[in-house]
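Visitor: Please take a close look at one helix of this model, and then at the strands that accompany it.

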Amino acid sequence: MSEFRDFVPPWRVVELEDAYRVEDANGLVIASLFFVEDPEQLTFTGRLSRDEARRVAARIVEISDFRAVMRELEEREGERPTATRPKH
């Protein structure tokens, strides 16, 4: 499977009982970040704390925002003629 999927913005974070899920605008799951709330379980489960999972999910959503800004800038650059430097 070599084709790339386009994850439709905006992406959003959905809070579940024991995880945060990042979905695109079509509901396609991009990531699931599982967490535990019991500090003793953090050491032996390998899961994130609730706060860590929330912060990581938020950073993933920022990728979507960044991609949208980059696309907009690329489209604007495509509309403008490129400046040429004078030769010395």
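Guide: Ser64 touches Pro9, Pro10 and Trp11, leaving aside residues up to four places away in sequence; contact means heavy atoms within 4.5 Å. The model is predicted, so local features need pLDDT of at least 70 and side-chain atom pairs count only at pLDDT 80 or more, while totals for chains, interfaces and linings use all residues. Numbering starts from 1 along each chain as its sequence is written, and side-chain values use heavy atoms, without hydrogens and water.

Ser64 lies in helix α2; helices (H or I, at least four residues) and strands (E, at least two) are DSSP runs, numbered from the N terminus. Ser64 counts as buried because its relative accessibility is 4%, where buried means under 20% relative accessible area, exposed over 50%, and partly exposed in between (1.4 Å probe, protein chains only).

Phe66 is also found in helix α2, which covers residues 50-79. Phe66 is exposed, with a relative accessible area of 54%.

As for the strands, β1-β2-β3-β4 is the order in an open sheet of four strands with mixed pairing; two strands pair if DSSP finds at least two bridges between them. Strand β2 (residues 19-23) pairs with β1 in the antiparallel sense over four bridges. Within this pairing, Arg12 has Glu23 of β2 as its bridge partner.
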